[in-house]
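Let's work through a few exercises together. Keep the structure open beside you and try each task before you read its solution.

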Amino acid sequence: LPDLNALHVNRGIEGTIKQFEGMRAIKNLYSSILNEVGRGEDYLVVSDPARWYERDPEFFQDFLEKRARLNLNLRLLFTRSEKASELQKFEKNYNMNVRMLPESTELFTNLIITKNKVIIHRLSEPFKAVVMDDPLVIQMHKETFEVMWNSIREN
């Protein structure tokens with residue numbers, strides 16, 4: 001940790017790492033994301049939507065509908081499942097663009113990248129999320145997402 005802190009201080013760029021624990025904290029985090037993103041901003045996701053959605057279908061359905069109304073540049077990379085196919089089928093209803101990851105991909109975390117944050121959320125117990133707002137970390141995750149996105153043809 002001291003070495004990481006030294007790197008951070010030497011760069012002169014501020015950033016924090018916050019951890020959230022429990023499903024209630026995770027749901028509050030998701031709700032807060034919608035209050036922080038602006039119209040037309042990137043909202044990038046790498047996820048297993050079946051595992052994500054099943055944690056609380058009512059909450060996450062409401063989240064999808066609220067997020068759709070924000071008119072974001074919403075691009076999602078999903079593992080293949082019945083839920084992923086359903087979401088892809090209705091992607092226009094949710095104002096999103098979905099591409100499927102290779103068949104063999106199995107994810108146990110959800111990754112969200114916005115203009116100001118990178119969020120990594122465990123999809124199994126114990127439910128935890130890590131939120132990073134370091135500009136260099138955000139940039140690296142955006143670039144990694146773009147490489148993945150561009151390597152997958154539209155399905």
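**Exercise 1.** Find out how many residues the hairpin uses to join strand 5 to strand 6, and in which sense the two strands pair.

*Solution.* Start by locating the strands in this predicted model: strand 5 covers residues 109–114, and strand 6 covers residues 118–122. Next, look at the link: the hairpin between strand 5 and strand 6 has three residues. Finally, check the pairing, which is antiparallel with five bridges. As an example of residues facing each other, Leu-111 is opposite Ile-120 of strand 6.

**Exercise 2.** Follow the chain from strand 6 to strand 7 and describe how they are joined and paired.

*Solution.* First, find strand 7 at residues 128–132. Now turn to the pairing: strand 6 and strand 7 run antiparallel, with four bridges between them. Here His-121 faces Ala-129 of strand 7.

**Exercise 3.** Decide whether Gln-61 is buried or exposed, then list its contacts beyond four places in sequence.

*Solution.* Begin with the location: Gln-61 belongs to helix 4, residues 57–68. Its relative accessibility is 17%. Buried means under 20%, so Gln-61 counts as buried. Now search for partners, setting aside neighbours within four places in sequence: Gln-61 is in contact with Tyr-53, Lys-83 and Tyr-94. With Tyr-53, there is also a polar contact between the two side chains, at 2.8 Å.

Key. Residues numbered from 1 in each chain as written. Predicted model: local features only at pLDDT ≥ 70, side-chain atom pairs only at ≥ 80, totals over all residues. Heavy atoms only, no water. Buried < 20%, exposed > 50% of the residue type's maximum accessible area, 1.4 Å probe, protein only. Polar contact = N/O pair within 3.5 Å; in protein donor to acceptor, adjacent residues only side chain to side chain. Contact = heavy atoms within 4.5 Å. Pairing = 2+ DSSP bridges.
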